[in-house]
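Here are my notes on this model, in numbered points. Please read them with the structure open.

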Amino acid sequence: MDVSVPMPVIYVISDALGETAEFVGRAAAAQFVGIKTRLRRVPYVRDEAHLEEILEEAVAEEAILVYTLVLKGLRDYLERRAAERGLKTVDILGPLIGALSDQTGLEPTHTPNIIHRLDEQYFRKVEAIEFAVKYDDGKDSRGVLYADVVLIGVSRTSKTPLSMYLAHKGLKAANIPLVPEVIPPDELYAISPRKVIGLTLRPELLNKIRTERLKTLGLGASADYANLERIMQELEYARGIMKRIGCPVVDATGKAVEETASIVLEILFKGERNG
């Protein structure tokens with residue numbers, strides 16, 4: 001491959017899963033032998049604010065925008081703003097929808113994700129799982145603002161497994177690790193404390209879990225990560241953050257993920273009723 005040829009980046013933007021546009025993108029890329037193409041799928045885009053975030057990232061990569069958006073307002077907005085930034089766009093559905101409308105004399109419904117409307121629960125679950133992966137372990141604190149629930153706690157308090165379990169229940173869960181040396185994101189204090197759940201474990205159990213974790217990584221058990229005194233300091237710090245937020249705290253000691261999830265769901269359900 002000619003090293004002077006840049007790797008094309010294709011953003012697949014959709015108001016549903018984006019499978020159609022991704023398939024078209026991969027089929028097109030396959031026509032260029034010896035050139036690697038990176039595809040990034042961005043599903044469930046439903047508003048202009050989300051499009052702006054995508055465009056901002058796409059500009060930095062000089063990406064090609066391939067999209068299946070059925071809402072004409074969003075299509076027009078994307079085309080206009082992409083043109084302003086000098087980005088190339090490919091509308092997969094728009095031309096065919098227009099042709100069918102001209103041929104039949106009928107107006108399209110402009111209903112996103114209509115093919116899968118009969119199975120909304122399944123796709124809510126898929127969306128929630130993608131959300132949990134994207135906003136796991138504080139990767140992107142913006143997810144806190146869009147989450148149904150935000151799990152906080154020190155390392156190894158089952159935040160990630162619990163996030164994934166709740167995602168399978170259709171809840172968008174983000175999780176933020178609490179580390180004394182890292183200031184929690186501002187977004188954590190900008191949302192209702194009823195959406196935040198603090199997770200904690202007994203120090204002795206946390207010490208055991210972390211020690212085993214270090215062993216699997218081939219590291220010595222004497223590392224600061226598994227030091228009991230350090231763990232006590234972290235838990236104390238986390239308690240202070242949780243108290244400041246005013247969120248409920250769940251002690252997951254001795255509980256399976258399913259048990260902890262049941263408690264979390266009950267807390268959230270009560271919060272909705274009282275809200």
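1. Helix H2 passes helix H3 in a right-handed crossing. A crossing counts as right-handed if the near helix is turned clockwise from the far one by less than a right angle, and as left-handed if anticlockwise. Helices here are DSSP runs (H or I, at least four residues), strands are E runs of at least two, and both are numbered from the N terminus. The model is predicted: local features need pLDDT of at least 70, side-chain atom pairs count only at pLDDT 80 or more, and totals for chains, interfaces and linings use all residues. Residues are numbered from 1 along each chain as its sequence is written, and side-chain values use heavy atoms, with hydrogens and water left out.

2. Now the geometry of that pair. H2 covers residues 48-61 and H3 covers residues 72-84. They pack at an angle of about 30°, and their axes are 11 Å apart. Axes are lines fitted to C-alpha atoms, for helices over the stretch in contact; angles run from 0 to 180 degrees between N-to-C directions. H2 and H3 are therefore roughly parallel to each other. The classes are: under 35 degrees roughly parallel, over 145 roughly antiparallel, 65 to 115 roughly perpendicular, the rest oblique.

3. Which residues of H2 and H3 meet? From H2 come Glu48, Leu51, Glu52 and Leu55. From H3 come Leu74, Tyr77, Leu78, Arg81 and Ala82. Contact means heavy atoms within 4.5 Å. By class, this contact has 6 nonpolar, no polar and 3 charged residues. Ala, Val, Leu, Ile, Met, Phe, Trp, Tyr, Cys and Pro count as nonpolar; Asp, Glu, Lys and Arg as charged; the others, Gly among them, as polar.

4. Strands pair if DSSP finds at least two bridges between them.

5. Strand E1 (residues 9-14) pairs with E2 in the parallel sense over 5 bridges. Ile13 has Val42 in E2 as its bridge partner.

6. The chain is divided into domain 1 (9-118) and domain 2 (120-270). These bounds come from an automatic or database domain assignment. Taken over C-alpha atoms, the domain centres are separated by 34 Å.

7. Another open sheet of 4 strands runs in the order E6-E5-E7-E8, with parallel pairing. E6 (173-177) and E8 (249-251) are its edge strands, each pairing on one side only. Neighbouring strands are turned by 25° against each other on average, direction ignored.

8. E5 (residues 149-153) and E7 (residues 196-200) pair in the parallel sense over 3 bridges. Ile152 stands opposite Gly198 in E7. Helix H7 (residues 159-167) packs on the sheet and touches E5, E6 and E7. Its direction makes about 170° with that of E6. Helix H10 lies across E5, E7 and E8, at about 160° to E7.

9. H10 (residues 228-245) also meets H9 (residues 203-216): the axes come within 10 Å and cross at roughly 120°. That makes H9 oblique to H10. The contact uses Pro203, Glu204, Leu206, Asn207 and Arg210 of H9, with Leu228, Ile231, Met232, Glu234 and Leu235 of H10. These residues divide into 6 nonpolar, 1 polar and 3 charged.
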